[in-house]
Amino acid sequence: MKAGTLDRLLADRRAKRSVALVTRLEDGFAALLHPGDRAAEGVPREVVVEALRALAKGQSLPFEQDEGTYFIRSFIPDPRMVIVGAVHIAQSLAEMARLAGFHVVVVDPRQAFARSDRFVGIEISTDWPGQALEELELDRRTAVVTLTHDPKLDDPALDAALASPAFYIGSLGSKKTHRARLERLASRGFAEADRERIRGPVGLSIGSVTPAEIAVSILAEVIGALRSGSS
Amino acid sequence: MDKQTTPEAGDVLEQAADWHKEGEGVAIATVTKTWGSSPRPPGSQLVINAKGEFRGSVSGGCIEGAVVSEAAGVIETGESRILHFGVTNEMAWEVGLACGGEVEIYLEKLS
């Protein structure tokens, strides 16, 4: 691969654009393709079609063609995790999720919590959760986790999350807290199918005690939802 | 949802670009095909520099050493190679996949 091709590929990734790298294995010829592209110079039409189909699914695979074998390497933007509540558990969860390949955003209007020295290298929003989540344009590759326990912060976040195709919505709190939360959602007009999208108590049941252990259980549940497509 | 995706691969390529900008010779190894229970899916990448430093992976640690050795030749000559590892490979006595899987790797120089 030429360094110029790699630079353009990395620029796409940094701008969170989906891109497929198509390499002809016989001679190393490489080209980039983006969703919506009709053609790429030097790439046969049927390889372009196959690359765009693979890119839409985020798949990487070889493609045999008369002229030789092409390898299609799809790069799609990292999944996102939006954490509402810059609390102690959030500090562990943000760091672990980042290591697991998520783009993490922490949302908390309480500026004493949402400080960059508590979340080094993590994107922070101090807007109110309803507004913050609307601006983040939650998509089907976004997970939302609320950790504040405070209805005036968690509830607007859940409203925004339920109005989106987010693949995972989880809310920290005991069974009792969760029941009360579901009752409030029902009184705001959310149907049962909506309310059932919220995982509560949040996380896999592994007997977690410390903030870091709870973060492990939440991250494991989020990854399970991402990889199984159970959303 | 997306079993084939390896999010960390992008960061591995950032490392390759950084080494190249520092004037270091760089090779990129990409898993192109797997058979059986190979640990890393197609698209997984390992980047290697002329000093033998590497980032990423193309297996569970079983064949990285062999790929790093091959990379030295690829960086020197600029000729890309297709490598095949598996239980039937003649290198299996020394280097192979304990899981019994097979993997094909495209190894090229960043030029």
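Into which domains is chain A divided? I found domain 1 (3–75) and domain 2 (80–228) in chain A, with bounds that come from an automatic or database domain assignment.

**Entry 1. Conventions**

I noted that this is a predicted model, in which local features need pLDDT of at least 70, side-chain atom pairs count only at pLDDT 80 or more, and totals for chains, interfaces and linings use all residues. Residues are numbered from 1 along each chain as its sequence is written, chains are lettered from A and ligands numbered from 1 in the order in which they are written, and side-chain values use heavy atoms, with hydrogens and water left out.

**Entry 2. Chain A overall**

The C-alpha atoms of chain A fill a box of roughly 65 × 40 × 35 Å along the principal axes. I recorded 8 helices and 10 strands in chain A; helices (H or I, at least four residues) and strands (E, at least two) are DSSP runs, numbered from the N terminus.

Of the 231 residues in chain A, 51% are buried. For this term I used under 20% relative accessible area, with exposed over 50% and partly exposed in between (1.4 Å probe, protein chains only). I then took the contacts (heavy atoms within 4.5 Å) in chain A between residues at least 6 apart in sequence, and 54% of these join residues at least 24 apart.

I searched the whole structure for salt bridges, defined as a side-chain nitrogen of Lys or Arg within 4 Å of a carboxyl oxygen of Asp or Glu.

I examined A:Arg24 and A:Glu67, whose closest N and O atoms are 3.3 Å apart in a salt bridge. A:Arg24 lies in strand 1 and A:Glu67 in the loop between strand 3 (61–65) and strand 4 (68–75) of chain A, so the pair ties together parts 43 residues apart in sequence. A:Arg24 is buried at 13% relative accessibility, whereas A:Glu67 is partly exposed at 49%.

I next listed A:Glu95 and A:Arg98, which form a salt bridge at 3.2 Å, N to O. Both lie in helix 3 of chain A, and because they are 3 residues apart they are separated by about one helical turn. Relative accessibility is 36% for A:Glu95, which is partly exposed, and 38% for A:Arg98, also partly exposed.

I also inspected A:Arg184 and A:Asp155, with a salt bridge at 2.6 Å, N to O. A:Arg184 is in helix 6 (residues 175–187) and A:Asp155 in helix 5 (residues 151–162) of chain A, 29 residues apart. A:Arg184 is partly exposed at 27%, while A:Asp155 is buried at 8%. I found a network of salt bridges that links A:Asp155, A:Asp159, A:Arg184 and A:Arg188.

**Entry 3. Backbone of chain A**

Most residues other than glycine have a negative phi, and most peptide bonds are trans. A cis peptide bond joins A:Gly200 and A:Pro201, with omega about -10 degrees; A:Pro201 lies in the loop between strand 10 (198–199) and helix 8 (211–228).

A:Lys16, not a glycine, has a positive phi of about 60 degrees and sits in the loop between helix 1 (3–14) and strand 1 (19–24). For A:Glu137 the positive phi is near 50 degrees. A:Glu137 lies in the loop between helix 4 (129–135) and strand 8 (142–146) and is exposed at 64% relative accessible area.

**Entry 4. Chain B**

I recorded 2 helices and 5 strands in chain B, in the order α-β-β-β-α-β-β along the sequence. Buried residues are 51% of the 111 in chain B. I located B:Gly52 in the loop between strand 2 (45–49) and strand 3 (54–56), where B:Gly52 is partly exposed at 31%.

**Entry 5. Contact between the chains**

How many residues does each chain give to the contact? I found 29 from chain B and 33 from chain A. The two chains bury about 2,600 Å², 54% of it on carbon and sulfur atoms; this is the accessible area (1.4 Å probe) that two parts lose on being put together, summed over both.

I counted 3 salt bridges between chain B and chain A. B:Lys21 pairs with A:Asp7 in a salt bridge, the closest N and O atoms being 3.5 Å apart. On the side of chain B that touches chain A, the largest share, 8 residues, comes from helix 1 of chain B.
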